Amino acid sequence: AIAAQRKHRRFDFRTKVIVQPANVIDRGDHKWLGECHDISRGGCRVLTSRPLELGSMYWIQFEPSSVKLDPVFARCVRGHLMRENAFDFGMSFLTPIELPEPTDAEEL
């Protein structure tokens with residue numbers, strides 16, 4: 001039922017990310033390393049060891065891998081504590097991104 005409500009197909013995609021405030025002035029002071037666990041044209045799921053602010057805007061850079069993704073601006077739309085020092089966040093991209101056709105990616 002949840003998958004039917006989504007605007008974009010979501011795929012299992014794991015890569016390292018750097019999450020920073022969207023505001024250029026604050027980017028130099030704050031940087032969170034994390035991991036992307038799934039992605040769609042409209043957003044991604046990010047795990048970090050530090051909390052992000054719900055509703056805030058962030059700049060996400062994806063580690064170069066077999067799939068080249070440009071950095072994106074995203075809003076933190078949901079989040080929860082998984083365990084001590086482990087947070088799970090849903091990030092909504094400001095504009096949809098183009099994803100290559102999946103070959104071995106598993107649709108969620």
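**Rings, a threonine and cysteines**

Reply: Keeping in mind that this is a predicted model, we can start with Trp59, which counts as buried because its relative accessibility is 18% and the cut-off for buried is under 20%.

Me: How many aromatic pairs are there by the count?

Reply: The count comes to three aromatic pairs. In one of them, the rings of Trp32 and Tyr58 have centres 5.9 Å apart and planes at 80°, so this pair is edge-to-face.

Me: Which strands do Trp32 and Tyr58 lie in?

Reply: Trp32 belongs to strand E2 (residues 32-39) and Tyr58 to strand E4 (residues 57-62), so their pairing ties together parts 26 residues apart in sequence. Both Trp32 and Tyr58 are buried.

Me: And what about Trp59 and Phe73, how is that pair arranged?

Reply: The pair of Trp59 and Phe73 is tilted, at 4.6 Å centre to centre with 55° between the planes. Phe73, at 36% relative accessibility, counts as partly exposed.

Me: Switching topic: is Thr15 buried or exposed?

Reply: Thr15, which sits in strand E1 (residues 11-21), is buried, with a relative accessible area of 6%. Its side chain reaches the backbone oxygen of Glu63 at 3.5 Å, and beyond its neighbours within four places in sequence, the residues in contact with Thr15 include Gly34, Cys36 and Phe62.

Me: How many disulfides does the structure hold?

Reply: The structure holds zero disulfides. For Cys44, the nearest cysteine sulfur is that of Cys36, 4.5 Å away, and a disulfide needs the sulfur atoms within 2.5 Å, so Cys44 is in none.

Key
Residues are numbered from 1 along each chain as its sequence is written. This is a predicted model: local features need pLDDT of at least 70, side-chain atom pairs count only at pLDDT 80 or more; totals for chains, interfaces and linings use all residues. Side-chain values use heavy atoms; hydrogens and water are left out. Helices (H or I, at least four residues) and strands (E, at least two) are DSSP runs, numbered from the N terminus. Buried means under 20% relative accessible area, exposed over 50%, partly exposed in between (1.4 Å probe, protein chains only). A polar contact is a pair of N or O atoms within 3.5 Å; within protein, one must be able to donate a hydrogen and the other to accept it, and residues adjacent in sequence count only if both atoms are side-chain atoms. Contact means heavy atoms within 4.5 Å. Rings of Phe, Tyr and Trp (its six-membered ring) pair if their centres lie within 6.5 Å; planes under 30 degrees apart count as stacked, over 60 as edge-to-face and the rest as tilted.
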